[in-house]
Each structure stands twice: as structure tokens, then as C-alpha cells.
Amino acid sequence: MTSLAPGQPAGPAERAGPGRAERQTPGAQGGPAPASDVLAAMADPTRRQILAELAARGPATATELAGGLPITRQAVAKHLGALSQAGLAVSSKHGRDVRFEVRTENLAETAGWLARLAAEWDTRLTAIKRIAESGD
């Protein structure tokens, strides 16, 4: 079972139980993507590269992004789908083109959760160090 960030409700995968995960589009019910979705999406170096490219250049199509990457447009589209699923990118239709752009809310929320987690561990490790050095 996946560990959830504090304050995050159990998602469909956690409610379905082991081996019976469902997928829903984040935000479909108005809520953000869980931190685990954001971290899973960011674990892939190609997705990080695509996200960085979108952040640098602004909205772009999969075809435009594929021009600067060593992968096909179809692969870029698949990665953009994973980024969208995690709430890190959003698409909008402009005529025949589908343009993607970065959404920072879920990334910022996950970064905040990681910072709080790091602070908790710093506090715990400081307490352990104090106990070890006091000789108790």
C-alpha cells in the first residue's frame, strides 16, 4: 500500500486494495494529484526533460517538443499524458493542435510536503544525536 502525504485522502488505488488499482484523472473530483503520482512522474528523466522544456519555452505541442528530443512524437505524447495524469501539465486545444503547458501547483505542494518531512527527520535525528552524545 502506498504511503500518503499528510492531509491527502486515500485515492482510488488505496481504496481498491492491492492488485486492484483504478486510475482517474487528477482533479476529476476537484482534488490534487497525490504526492506519489507527482513523484512517480518526476522519476523518469525524459519526463523531467519535457517538463523543463515546457517551463522554458511555454505552451507547446507534442510535435514541437519531439523536435528537440531523441524520441518520437508518440513517445512525447505518452510522457505528456503521464505528466498530465500527475497534474504537472495541462492540455488545451487550439484549432487542430493540442498544446501543453506546465502546472506548478502539484509540484509545489509535493515540494512543501517533502520539506516538512525533511524538517521532521532533522528534528528526530537531532534528538537521537543529543541522546547519543549525552551518554544516557
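Reader: Leaving aside its neighbours within four places in sequence, which residues is Thr 61 in contact with?

Author: This is a predicted model. In it, Thr 61 touches Asp 97, Val 98 and Arg 99, once neighbours within four places in sequence are set aside. Thr 61 itself lies in the loop between α3 and α4 (62–66).

Reader: Is Thr 61 buried or exposed?

Author: Buried means under 20% relative accessible area. Thr 61 has 9% relative accessibility, so Thr 61 counts as buried.

Reader: Val 98 was one of those contacts. Which residue is its bridge partner?

Author: Lys 93 pairs with Val 98 of β2. Another pair is Ser 91 with Phe 100, again with the partner in β2.

Reader: How many bridges join β1 to β2, and do the strands run parallel or antiparallel?

Author: Start with the general idea. Side chains in a regular strand alternate between the two faces of the sheet. Now the case here. Strand β1 (residues 89–94) and strand β2 (residues 97–102) run antiparallel, joined by 6 bridges.

Reader: What should I look for in the hairpin of β1 and β2?

Author: Look at the turn. The hairpin has 2 residues between the strands, and Gly 95 takes a positive phi near 65 degrees.

Reader: Now step back along the chain. Where is the place of Ala 86?

Author: Ala 86 sits in the loop between α5 and β1. Its relative accessibility is 1%, so Ala 86 counts as buried.

Reader: How far is Ala 86 from Ala 35, in sequence and in space?

Author: The two are 51 residues apart in sequence. From C-alpha to C-alpha, they are 8.6 Å apart in space.

Reader: Ala 35 is in α2. How do α2 and α6 pack?

Author: The general idea comes first. Two packed helices are described by the angle between their axes and the distance between those axes. Here, helix α2 (residues 35–42) packs on helix α6 (residues 105–134) at an angle of about 105 degrees, with the axes 10 Å apart. That makes the two helices, α2 and α6, roughly perpendicular.

Reader: Which residues of α2 and α6 meet?

Author: From α2 come Ala 35, Val 38, Leu 39 and Met 42. From α6 come Asn 106, Leu 107, Thr 110, Trp 113 and Leu 114. By class, this contact has 7 nonpolar, 2 polar and no charged residues.

Reader: Which residues of α3 and α5 meet?

Author: Thr 46, Arg 47, Ile 50, Leu 51 and Leu 54 of α3 meet Val 76, His 79, Leu 80, Ala 82 and Leu 83 of α5. By class, the contact of α3 with α5 has 7 nonpolar, 2 polar and 1 charged residues.

Reader: What pattern does the protein chain follow along the sequence?

Author: The order is α-α-α-α-α-β-β-α. That comprises 6 helices and 2 strands.

Reader: And how many of its residues count as buried?

Author: The protein chain has 136 residues, and 26% of them count as buried. Last, take contacts between residues at least 6 apart in sequence: 54% of them join residues at least 24 apart.

Note on methods:
Residues are numbered from 1 along each chain as its sequence is written. This is a predicted model: local features need pLDDT of at least 70, side-chain atom pairs count only at pLDDT 80 or more; totals for chains, interfaces and linings use all residues. Side-chain values use heavy atoms; hydrogens and water are left out. Contact means heavy atoms within 4.5 Å. Helices (H or I, at least four residues) and strands (E, at least two) are DSSP runs, numbered from the N terminus. Ala, Val, Leu, Ile, Met, Phe, Trp, Tyr, Cys and Pro count as nonpolar, Asp, Glu, Lys and Arg as charged, and the others, Gly among them, as polar. Buried means under 20% relative accessible area, exposed over 50%, partly exposed in between (1.4 Å probe, protein chains only). Two strands pair if DSSP finds at least two bridges between them. Axes are lines fitted to C-alpha atoms, for helices over the stretch in contact, and angles run from 0 to 180 degrees between N-to-C directions. Angles under 35 degrees count as roughly parallel, over 145 as roughly antiparallel, 65 to 115 as roughly perpendicular and the rest as oblique.
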